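Here are my notes for you on this one. Have a look at the sequence and the model first, then read on.

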Amino acid sequence: MIASRVATRTAMVAARNNTSKQQKRGIVDYLTNYPDKVMEKKKIQNLGGTCLGDVNPTWLKQPGDVGMALFGAALVGLGFVQATVGHYRLATGKGKKPI
C-alpha cells in the first residue's frame, strides 16, 4: 500500500515537472513574430529624396506626422502664452491671491 502511494506520488511529480519545463511565451511570441514594416517605412521616407530643408521634409512623410507636428506646435504655443502671462503678472503684481 505504501509502495503504491509512493509510485502514485512519483508519477504525479514527474508529470508536473514535465509540464512546468515548457515555456509560456505569450508576449514574447507576439513581439518576436510581429510583422516587420521597416522596408515599407524606408520606402516612404526615401521617396523624393531625403533633404530636410525641402518642400517635403522627412519628418512629415509618415501618415499622421502632420497632426503630431501641429499638436506639438500647439503645446509649445500654449507654453509661450502661459509664460508670457506669468511674466506680465509678476511684473505688474496682478493676479495675486488675497491673504
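1. Some ground rules. This is a predicted model, where local features need pLDDT of at least 70, side-chain atom pairs count only at pLDDT 80 or more, and totals for chains, interfaces and linings use all residues. Residues are numbered from 1 along each chain as its sequence is written, and side-chain values use heavy atoms, with hydrogens and water left out.

2. The overall plan. Helices here are DSSP runs of H or I with at least four residues, strands are runs of E with at least two, and both are numbered from the N terminus. Of the 99 residues in the protein chain, 4% are buried (buried is under 20% relative accessible area, exposed is over 50%, partly exposed is in between, with a 1.4 Å probe and protein chains only).

3. Back to Q62. Q62 sits in the loop between α3 (38-46) and α4 (65-92). Is Q62 buried or exposed? Q62 counts as buried, because its relative accessibility is 19%.

4. The view from I44. You'll find I44 in helix α3, and with a relative accessible area of 33% it is partly exposed. Again leaving aside neighbours within four places in sequence, I44 is in contact with K61 and Q62. Check I44 and T58 too: they are 14 residues apart along the chain, and their C-alpha atoms are separated by 9.0 Å.

5. Helix α4. With 28 residues at 1.5 Å a residue, α4 should span 40 Å, and its end C-alpha atoms are 41 Å apart, which agrees. (The expected span is 1.5 Å times one less than the number of residues.) Just after α4, G93 has a positive phi of about 80 degrees.

6. The ring pair. There is one aromatic pair in the structure. Y30 and Y34 make it, edge-to-face, at 5.7 Å centre to centre with 70 degrees between the planes. For Phe, Tyr and Trp (its six-membered ring), a pair needs ring centres within 6.5 Å; planes under 30 degrees apart are stacked, over 60 edge-to-face, and the rest tilted. Y34 is partly exposed, at 46% relative accessible area.

7. One more on V28. V28 belongs to helix α2 (residues 26-32), and V28 is partly exposed, since its relative accessible area is 38%.

How values were computed:
Contact = heavy atoms within 4.5 Å.
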